[in-house]
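Welcome, and please open your viewer. We will walk from stop to stop, selecting a few residues each time and looking at what surrounds them.

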Amino acid sequence: MQTTLVLSSTAVLAVWCIYRLLQVGSRDPRMPKGPPTVPILGNLLQLPLTGIHKKFRDWAEEYGGVYSLKFGPNNAIVLCDRKAVHELLDKKGILYSDRPHTYVGSLMTQGDHMVVSSLDTLTREKRKVATHNFSPKMLQERAAHIQDAETTVLLLDFLDNPKDFYTHVRRVTASIANILIFGQRGATYDSFWGRCVYDALDRFGEALEPGANPPVDEFPFLRFWPTRWAGWKQRAFSAGRAMDKIWSTALETVEKRRSIGDVRECIADRLIDEYNEKGYPFSRHAFMMLLGEMCEGGAETTSSSMLTMILAITKYSEVQRKARLQIDAVSPLWSDFKDIPYVNAIVKEGMRWRPVISSGLPHKNKEDDYYEGMLIPKDSTIFLPVWALNNWDAQGFSDPEIYNPDRYINHPKLANDYAGSADYKDRDKFSAYLLVYPLIDA
Ligand code: HEM
């Protein structure tokens, strides 16, 4: 009798465990719709290794502008709808400005990188530094003359050696970032300051490449995989060491020059002075990473955008002709930018057509929330698929694959000026970027 009771309880427990296990990966019916899931893995197997930005739009066409995905037990919500981005990210920024923690990211950066870390006190402090130093006012005051000087060199480089246009563009944005941040110019692409940021980002990108790691954030037991048999962990550690070497060399160079009395007008020097006086709010590692992160944020995004513009105006020669007419009528310096609205439209259209961070950087919500009756569970990964948002007819872009700067001709001001508008429809569509930019509302 007792044996039968034990056997039947064990059977009930086993059935219950199997039932619960099979529930992993399935969607809460209160959440937005989304592609069908399979037990345990959810939608993980449907994620393409490349071209996820297009997949985000395909799913939006099928399931609507707000839909959900399951990554194992974890929830993801995709906001491919400008109104939803505005209602959630913009109006409830405090709830949505966190980032999902990534295990591989923390192995690599020791938790000292804004892009892959949760919004703790350290990250808040770092965002404050970045927001302050890269505010439109600061850029106007401190960056404009540096940009004017460096772009003049760029034009000369194009004339002297047009074949190497790719490295000229990469050098110029790295150099501008390094002057602003470290007070150090990258005179050539092969110099430390001309390419350190690309070397760091190559390693960072390699370690986090889609498909490069097992789904450790979804199934945390994978963390116990011994490092000596986990090539993915070794890659993360090695990338971390390479990045540390680059950013510590950068900081040490600044310290060495300061030690001989050469103090410069740049972010690193200003922060060192400030922190020497009132104390460092974070460790040395976090500080050097912060300087590196700002450089990473500023250099490759801008060089890739510029290279996109070059591609676009090469392909669309009429656009190039119209731009040249405007440019030939001015110097051109940053102070002339307001007088060349067509060039402004070229930049915005390039960022719509081929956005640099095509799927955005994911956010996380820290509490349960509802949007139009749909549940957005606490700790969901929130995707803002920048390419899909800007390349979908349903979001107001007809013939989105065509590069056409005239789309922005009625928005001659900087995107930042429109991003502040209370009515999201009144913004130029490029500000879908700015709409979600934590640097603005941090
Ligand atoms: C063409 C230029 C740029 C593009 C396309 C771009 C794009 C983006 C995007 C899509 C994000 C994610 C926003 C979000 O949270 O949803 C981001 C974050 C960030 N950007 Fe930019 N960016 C550009 C230039 C810059 C510059 C010049 C800096 C200079 C410091 C910068 C620093 C950062 C930082 C630090 C973050 C992360 C903030 C955080 O995680 O809290 N970016 N960028």
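Predicted model: local features only at pLDDT ≥ 70, side-chain atom pairs only at ≥ 80, totals over all residues.

Residues are numbered from 1 along each chain as its sequence is written, and side-chain values use heavy atoms, with hydrogens and water left out.

**Stop 1: the cores**

Select F182, W247 and L291. These are the residues with the most contacts inside the largest nonpolar core, which has 65 residues. A nonpolar core is a set of buried Ala, Val, Leu, Ile, Met, Phe, Trp, Tyr and Cys residues joined through side-chain atoms within 4.5 Å; buried means under 20% relative accessible area, exposed over 50%, and partly exposed in between (1.4 Å probe, protein chains only). Domain 1 (29-100 + 355-442) and domain 2 (103-296) each give at least three residues to this core; the domain bounds come from an automatic or database domain assignment. Apart from it lies another core, of 16 residues, including L95, Y96, I382 and L389.

Now stay with F182. Contact means heavy atoms within 4.5 Å. Not counting residues up to four places away in sequence, the residues that F182 touches include W193, W247, C266 and L291.

**Stop 2: the rings**

Rings of Phe, Tyr and Trp (its six-membered ring) pair if their centres lie within 6.5 Å; planes under 30 degrees apart count as stacked, over 60 as edge-to-face and the rest as tilted. How many aromatic pairs does this rule give? The count comes to 19.

Select F219 and F221 for one of them. Their ring centres are 6.4 Å apart and their planes stand at 55°, so this pair is tilted. F219 is buried, at 13% relative accessible area, whereas F221 is exposed, at 58%.

Next, pick F282 and F287. Here the centres are 6.4 Å apart and the planes are at 15°, so the pair is stacked. Both F282 and F287 are buried.

**Stop 3: charges over rings**

A charge sits over a ring if NZ of Lys or CZ of Arg is within 6 Å of the ring centre and within 35 degrees of the ring normal. Show R228 with W229: the charged end of R228 is over the ring, 4.5 Å from its centre. Then show R354, which lies over the face of W353 at 4.0 Å from the ring centre.

**Stop 4**

Go to S117, in the loop between α5 (103-109) and α6 (121-133); helices (H or I, at least four residues) and strands (E, at least two) are DSSP runs, numbered from the N terminus. Is S117 buried or exposed? S117 is buried, at 8% relative accessibility. Its side chain reaches the backbone oxygen of G111 at 3.1 Å, and a polar atom of that side chain lies 2.7 Å from the backbone oxygen of H113.

Move on to K126 in helix α6, buried at 1% relative accessible area. Leaving out residues up to four places away in sequence, K126 touches several residues, among them D112, H113, F282 and E293.

Finish at R203 in helix α9 (residues 192-208), which is partly exposed at 24%. R203 and G240 are 37 residues apart in sequence and 8.0 Å apart in space, C-alpha to C-alpha.

Key: Polar contact = N/O pair within 3.5 Å; in protein donor to acceptor, adjacent residues only side chain to side chain.
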